[in-house]
Amino acid sequence: MRFAFNLGNAVQIFVFVAILGPIFLGLFQNVVSVFGQKAYLDIAGLSANPLHTLLSVPGLSTAVLTSLSTGILATVISLWLALIFCIIFLQKIVKSGKLAMITMLLSAPHVAVAIGLTFLIAPSGWVFRLIASISNFENPPDIFTINDPFGVSLIAGLVVKEVPFLIFVIIASITQIPVKSYLCEARALGYDLANCWIRIIIPQIWPLIRLPAFVVLAYSLANVEMAVVLGPTNPPVLSVLLMRMFLSPDVTLLAPASVGALLQILLVLFVFLVFYLLEVLFRFFGKIWLCIGNRSAIFGIIFPWTVQFSFCVMLLGCFSLFLSVVWSFSSHWRWPSVFPEALSFQTWIKLAPNLVLFLGDSILIASLTTLSAIIIAIAWFQTEKRDNAMDGKLLPFAICIPLFIPQIGFLFGLNSVFLKTGLSGSWFAVIWCHLLYVFPYVFIVMANPWRSLDPRISKSASALGVGPLKQLLFLKMPILIPSILAASAIGISVSIAQFLPTLFVGAGRISTLTTEVIALSYGSDRRILGVVATLQALVPWIAYAGAFFISRYIYNNRSGLVGISQ
Amino acid sequence: MSLILEEITISLKRGKKLIDGLSLSVAHGEIFTVMGPSGSGKSTLLDAVGGNLGKNFDLKGELTLNEQDLLLLPPEKRNIGLLYQDAILFPHLSVGENLAFGLKDKKQGRAKRRAEIDKALRQAGLDGFYDRDPATLSGGQRSRAALMRTLLSEPAALLLDEPFSKLDLDMRDEIRSFVFSSIYERNIPALMVTHDPSDAVAANGPSISIQVI
Amino acid sequence: MRNLIRICLISVSLIFSVTAPLLSATDWQSVVDKSRGQTVYWNAWGGDTRTNEFIGWVGAQAKTRYGLNIKHVKLTDTAEAVSRVLSEKAAGRNSNGSIDLIWINGPNFFSMKRENLLFGPFVADLPNAKFLDLSQGSPNTVDFTEPVEGLESPWRLAKFVLIYDQARIKEPPTSMLKLGKWASHNPGRLTHPDPSNFMGATFLKQALLELVSDASILQYPVESEKQFLLETAVLWDWYDDMRPNLWRKGNSFPENESVQKQLFNDGELDFAMSFDPAVAAAGIEEGLFSKTTRVFVFENGTLGNVSFVAIPFNAANKDGAMVVANLLLEPKVQARMQNIEFLGSFTVLDLQKLDSESREIFDLLPSTPALPKIEDLGQTLLEPHSSWMTFLTQEWAKRYTR
């Protein structure tokens, strides 16, 4: 391969430094603070071995185990539900109401969904109010329906949020496979629909959705924002335990927390390895299973139930979001009332001056981040060489690395570096950190339409004497506006949802809807929490809806353009 | 008389008719040819018989195979094999595994099944192709493998949808005679749609022409 | 004998800590001038709506009166701010830090003071400090037995109270022991916040104060783990007995007092805890609590302390921070703080030192049935040395976090 310096390489190198640099810096700082504590802080009591200190943290083993079990179970259940939903999705025409449900859950940040779920399923939540109203128990039951020690509620929350994401991913990948003819063929051989999917289609989809599935896995294993609201408390999952250690005033905990951050990363990599080995095993035994010609109808019986369950899960999620809205407008709503005793705008009005600030900052950060991501992505597509083998597989994977590395694993270390350089607490630093998570999505959404743009358009423009910049601005960008709009919507929703990057790197000076929601989730006023959670879910949803309608408007008038639905 | 279509009418929901009152019967070991230009609803007819008609179609009439009413059965219960112009082999399985997937599970035991498949591969001139990736096969090899897979599932009837139209001219006769002789050998009814008159001649059976309505 | 020496040492340090004003009036004017246009990042626990609103009001006052902006950085735990200053120091950021003012006290103050993370002494420089009782041993000069030494300025009084609903509980228990007994008759209806949280630790301290053989030893640092275990054995015995009767069988605890308040409000619990005696009145006002909600204290008294504000050593806007600290001590501001319609938190000012006009504002403050009088709040118990809290929290985690 030739590495002559040209603009394309320069853009790629820039992207790598911008996207992967912070991760390496953060990890490096973690290692430094583990091994070079003296340089870290010259304070008495740091002589203890950080690994030893970490291991003696009460409940560490439980935290690791619940992290593992919740992360793995949530991923497996989400995958299963999403796949089966898609199977039915392709059979029947799905009502637009259900699609709206998926989009709403897809765009809502994890925290908003988690908060909504607590409104719904907590012992004093809506479900138990309903039960209390028909039976006659006086007080909410003393049972674990959220924050349970086994993380069941955390799994539920993750599933509610990840199923729509995976459905989206699977539908996109199914369109790349001639599903219908495979199904006809396999059914003619005597296999029922469910068997066809399990034996023929899913094995072919899996390589296409493996990366997104691993993103879900990494998130489920190491997220903070959902675990804080729904997860176990005594002890919490590992990521939350580490966040507490990082934020503890006890400096002696910083080095052990850094060890823990590395442990969290190892944990994720370990589970990746296990999943990979499982895949190898499945492939081996799966083929043997396929070759015995068994046509039993067992899956045909399970599937419809599973689909009903998927619908229930999504209905649950949407109803939770709706409950946030109701809480935000209620002026009195005490146990055991099923409906608010009175509705009013008072909470909204009271919070308005503050909300404007957070909302403004959130939207500003989200817009700037998304804008930079789109500009970088366009620069990339404009300069990339298609014949370069690295462009095909390796580069997209490298860009996605931030989605696989636990945030808790490097962000604190990164902030230490930012502190030294005076960047901590600056808008630039926060936007940069958001960019790590926004850019991969923007890149993926824009890549296909951009690369498959008819090259004749550019050639005929050149023949007319139109320069590259003019071509970009007046030809390519208008043609690709739907993909840019889709990328903007996703970029904004990803940025709005970021918690740890804002918390650690923003140094508390920059607060967004998400940091506010989590701070308030520890508060005692559900009405206020309802307002902020509603807003937090609303902003990305508006971004999605806006992108959809604008692009449909353009699409309707120019039938040659590619729609956002791609 | 085994595969019987009576007064089959297919129309788009709240739309135009594609097939109007078609009746035909196909005997065992017979290949019935349906001729017609593209757009005449030939493939739709096969979809109707095979049970793969989309939800946007309406189907009226009677359809029986060996006295069994097919209309309400899902495709996998009809016991009817398919052979398309694009011979579809599942890309995640080897050639042999594709055949094994078709082979009924009446045959138990790995060795017995393997012997059965090897025999089928030999018949199809694909000796030693068990572990080959389907993507490396030629068009004719794919057609034969797909046919063998279908036959291993022991269908009670066979539907052929322009099965030879994509093959090179020099292979077409060879594959055609292989397919047809396999059908005669198993003595099952076959319904073939094609727009190639030479197919009908070679089938040496009854045929009808349908037109665009 | 050893105790006597300790008391002498503390007295000496207290005497030195009472310093005379360092800045003259003109110097203060220059502080005010410099603060104009600054933005003070006030890191304060954000779990209480009324406090947040009060901070917002103070911000508006600062804007109109001094032309400076206050930005309330809402913390879920004050420790976050401490660790932020620490990591800034670790990274060598010795000026232009991200925090200008922290609402702080107790162990957080102790660790910041120990690590030299605080700016000051500055309290004596504040013109409004003249309204404070800064005589030696007064609550404004000792924070959890740690001499304040002018490094933090008081702004509101905190007293440990329990919240109950008269409609549900006729006669609330009058001591920790009785509260534990109550729980055994009413399993699942009592809990305390997680001891890693300030309020949860306070629950344990309050119990320890009642149960320990000699409460005076708590005024000195823990000598050794052995001493700690010996003195607290009675506490853990009591706790082990009570724990199965706690909410969720003592396997999970509310994150902090706000979450506990919400559980109380939902009827999941019969008691909540707070450091704000006006909490019940405020909750009724906000529409959170039922009208029959009241606070109560134990017959032998409850813990009490003072909430302070401190300025980190590397604060970017020290002048602005001092102006805000001073503004907080303004009689009018303190009166608004004590007004149940706004915050209802008791003033730290010595009313004797106010002129009659200012005193009258306090006298005319409205009252509600749910708002206790100062005399209803009983005796104030001194906070133990913060090392006790650290040990209690760690030991609790060791015993009950599995």
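Strand S7 and strand S8 (residues 272-274) of chain C run antiparallel and are joined by three bridges; strands count as paired if DSSP finds at least two bridges between them. Strands here are DSSP runs (E, at least two residues) and helices are DSSP runs (H or I, at least four residues), numbered from the N terminus. This is a predicted model, in which local features need pLDDT of at least 70 and side-chain atom pairs count only at pLDDT 80 or more, while totals for chains, interfaces and linings use all residues. Residues are numbered from 1 along each chain as its sequence is written, and chains are lettered from A and ligands numbered from 1 in the order in which they are written.

**Strand S7 of chain C**

- S7(C) covers residues 161-165, and five of its five residues are buried (20 or more other C-beta atoms within 10 Å of a residue's own; exposed means 12 or fewer, partly exposed in between, with C-beta atoms placed from the backbone).
- In a regular strand, side chains alternate between the two faces of the sheet.
- From S7(C), C:Val161, C:Ile163 and C:Asp165 point one way, while C:Leu162 and C:Tyr164 point the other way.

**Chain A as a whole**

- Chain A holds 25 helices and two strands.
- Its C-alpha trace spans about 70 × 60 × 55 Å along the principal axes.
- Of the 566 residues of chain A, 50% count as buried.

**Where chain A meets its neighbours**

- The contact between chains A and B takes 20 residues from chain A and 22 residues from chain B (C-beta atoms, placed from the backbone, within 7 Å).
- Helix H9 (179-188), helix H10 (193-222) and helix H13 (254-291) of chain A each give two or more residues to the side that touches chain B.
- H9(A) provides the largest share of that side, six residues.
- Toward chain C, 40 residues of chain A are in contact with 48 residues of chain C.
- On this side of chain A, strand S1 (330-332) and helix H18 (407-421) are the elements that give two or more residues.
- H18(A) gives the most to the side that touches chain C, with three residues.

How values were computed:
Two residues are in contact if their C-beta atoms, placed from the backbone, lie within 7 Å.
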